[in-house]
Amino acid sequence: MSKKRLKSEKVTASKPISRGADWNYDLINQYYAAIEDIANDFGLDTYPNQMEIISAEQMLDAYASAGMPIGYNHWSFGKHFISNEQSYRRGQMGLAYEIVINSNPCIAYLMEENSMMMQALVIAHACFGHNSFFKGNYLFKTWTDAEAIIDYLVFAKTYISDCEQKYGVDEVESILDSCHALMNYGVDRYKRPSPISMREEKQRQKDREQYLQSQVNELWNTIPEKLQSKDGKTRFPSEPQENILYFIEKNAPLMKSWQREIVRIVRKTGQYFYPQRQTQVMNEGWACFWHYTILNELYDRCHVTDGFMIEFLQSHTNVVAQPDFDSPYFNGINPYALGFNMMIDIRRICEKPTEEDKKWFPELAGTPWNESLTFAMRNFKDESFIAQYLSPKVIRDFKLFALNDDAGLNELNITAIHNDAGYQEIRNNLSMQYNISMKEPNIEVYDVDIGGNRSLTLRHITANNINLDETTSEVMKHLHKLWGFPVKLISEDANGEQYVLNRCPLEEVTDTNG
Amino acid sequence: MQIIDRRLNQKNKSTVNRQRFIRRYRSQIKKSIADRIINRGITDVDKNESISIPSKDISEPSFRHGQGGNRNRVFPGNKAFSVGDKISRPMQGEGQAGKRSSDSGEGNDEFMFELSSDEYMNILFEDLELPNLQINQLKKLINYKNIRSGFNTDGTPSNIDIVRSLKGSLARRIAIKSPLKKQLKKLEQALQQLPSEERVQSKRLNDEISALKRRIKRIPYIDSFDLRYKHFTKLPQPTTNAVMFCLMDVSGSMDQETKEIAKRFYILLYMFLKRSYKDVDVVYIRHHTHAKEVDEHEFFYSQETGGTIVSSALILMQEILADRYNPENWNVYAAQASDGDNWDTDSLKCRNLMSTSILPRIRYFAYVEITEREPQTLWYEYQSLLEHFDNIAIKKITQQSDIYPIFRAFFEKQGINSKFNSRLKSGGL
């Protein structure tokens, strides 16, 4: 792909910004200006940028807190830090070139070790690619508030360290442990949340403390009127609740108000990561597409040298490489590779559609590529993006194949390959693979025994005979700690049959003295 | 757009989290340390220690899918498969298992990481203290260090602080001159106001002016009053030197394994002393019927046979103490390892030596008997010393795994009560 570009007939037209590998502030400013010009020409809509130069050690720090610039203290972050540091020191792991934070202004970290080319690549990739994705994608718009996230993290850190002072590190750590075990169950997937806002947060927090406590007491004081459900028993909540942490925050009988606030902090932090878990392919694909497009444009405008481009193409090719399933380097489908190739392919379908494309994508073929691509970026998540845009050409390029892995059978069964008969099935299967409700077990708050021993029942709906793994009993212990009364996990299979999967404490307790 | 250079910011943002991790898994880390201490050489004291604890102990649970079930999956890189092909399930640990292990974060059964030598020592010697350390240190304030402590108006010329003195001189001159100068100015103005022909004639004014000028001139540039001398005081420095005597029986009855156990014990003691003292000298004394001062290698590895006369070692130690390590300047510790054998009548002699000339001069004497047999005369003689001296302890080791617990038993911190009392005494509460 580089051959055509390397003809240097235009280079004489103007002078490249720099020739060496070293960067300095002046050069970064010049590159930024050139890249910004191009991004504006393409109409990328971004938050203002804030670039922070950091060292490798600081990058390791950033890793440990999942890229959050400020985080409360917890041993698990220390564990991640230690394990990253170990593998970095032993040379098993390179560091990411960049980390970017979904905030306004959008914060991107540039490592001091990077060459000038890498800094330019990171600027294009993070400051314009990811940044515009954060600002445009509907999931990020719905679930996160870029204006307030930094403030909220500061609030959370301060609140938790205050609690540590007041109630002791161990107390706080124990609540955090339990909440972390349920962190992925702190989001209403089908309800829109209210965005996190700092000012509101502070104002409401005091009221909330008192109000919540009174609400909870009321729930437990009043014996609700008998609601008759289908099976003839009273259930609370009347509908199953998927947001387990929210349910605990509002209803756990014995929890103190500061503990409820911590549950809320973990829930809100989880919510911040929720869109990222669902848009990895799109987000990285979009950022790769734009660094590729922008840096090539830089070259066309004669801002960079041939050497710069060769160095860039080498890094780029490494990033978007997809090892085959039987390669020792294979570690699942590389979201950078899939995303980048799909984005490039959408542009191709718009610009040079083949007969096949016209059949598969009649609404896309021949439209202005930038508009169509931006539309895709704004309105999809990985699951729907793949279902909508995975083209036969990309399936052929990746030589994708689908197989059925049924634990009941001795052999794996190939169900589709990259041919006419298989495209649709591969597309559906791959899309399902990115469906978060398929990736994560479907578990809901099912029932609380309000009139009796206050026990909490969760329901796991199994799909395809896939069971929960062995850490489940540990999670149940954490849940028990939060709830304060017996907890139970029941499993419901496809036929609606229910059985008890796990309970904590292990013996069924009938008599409770509070 | 703005660029912020964060490189100078605090680097170790994760330090707190790292410490939290170590704090939480202290018991597992301690266990790992206790397992590994046996494999450490005496020269490795300052090295980092790598620790491994079982991954399952530190995993973070969550609701996750387990193995099995019926799954449809998509993979890249088809080479030869067609629809309907059946392929045998790959072995666990490759292919699909790769994704699963990366999901949970760890692929290994053991979580390995390194403790810095400080962290290592802290955990290794947690809750241990050198007996009577504080009290003794207060007694032995031997070295003095000169430290600056402000300025004095008196002193030797070599200690004159020039800047301070000149500042004083300048201040004094300004203070004395300024009223005179004001007066002079006034007179000169008065002189100016007179008509020009009267100026020369006004003798009174001119006299006053010249008198003032002379007075101003007479103010000395520097006066003994201005001089400031650097003042020094002597700050008592607790001595930071320690010497550790290793006494070991190398008679025929001590086999290599027993010596290994003794070596481990000495290593622990050495590392522990290293923590409290800047410099630790080690004196190796081996003995059978005669005692000899040797180097480390000879101490542990050279083989000699013969009978056993323990007192020979004690006498040599006494001589070396008198010769090189004056207890006034040195913190003396001694550890003796033996299998308990001794020439019959010698044990009593040992006891006398100990009580008259050794124990009163040293900080601590630890005696370990490495044997599975019943204790013999030496043990009982030492035991009788316990009543009169609190700086001797005796313990018995039977196997490798006893070393660390026994070592801890030697230096376990005294009970809460005594700690509380000593803090009360020192006015800390």
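This report describes how two chains of a predicted model touch, and then looks at some parts of each chain.

The model is predicted: local features need pLDDT of at least 70, side-chain atom pairs count only at pLDDT 80 or more, and totals for chains, interfaces and linings use all residues. Residues are numbered from 1 along each chain as its sequence is written, and chains are lettered from A and ligands numbered from 1 in the order in which they are written.

**Where the chains touch**

Chain B places 50 residues in contact with 76 residues of chain A; two residues are in contact if their C-beta atoms, placed from the backbone, lie within 7 Å. On the chain B side, the elements that give two or more residues are β1 (2-5), α1 (15-24), β3 (70-75), β4 (86-88), α4 (96-104) and β5 (110-115). Helices (H or I, at least four residues) and strands (E, at least two) are DSSP runs, numbered from the N terminus. That side of chain B has 16 nonpolar, 18 polar and 16 charged residues. Here Ala, Val, Leu, Ile, Met, Phe, Trp, Tyr, Cys and Pro count as nonpolar, Asp, Glu, Lys and Arg as charged, and the others, Gly among them, as polar.

W75(A) belongs to helix α3 (residues 75-89) of chain A. Leaving aside neighbours within four places in sequence, W75(A) is in contact with E173(A), N17(B), R20(B), F21(B) and R24(B). Why does W75(A) count as buried? W75(A) is buried because 23 other C-beta atoms lie within 10 Å; the cut-offs are 20 or more for buried, 12 or fewer for exposed, and partly exposed in between, with C-beta atoms placed from the backbone.

**Paired strands**

Strands pair if DSSP finds at least two bridges between them.

| Strand | Partner strand | Bridges | One bridge pair |
|---|---|---|---|
| β4 (residues 401-406) of chain A | β3(B) | Six | L403(A) and R73(B) |
| β8 (residues 487-492) of chain A | β9(A) | Six | I490(A) and V500(A) |

The second pair is part of an open sheet of four strands in chain A, in the order β6-β7-β8-β9, with mixed pairing. Its edge strands, β6 (442-448) and β9 (498-504), each pair on one side only.

**Chain B itself**

Chain B has 16 helices and 13 strands, and 26% of its 429 residues count as buried. Helix α9 (residues 203-218) of chain B has 16 residues, and the count of buried residues among them is zero.

Technical notes: Expected span 1.5 Å × (residues − 1).
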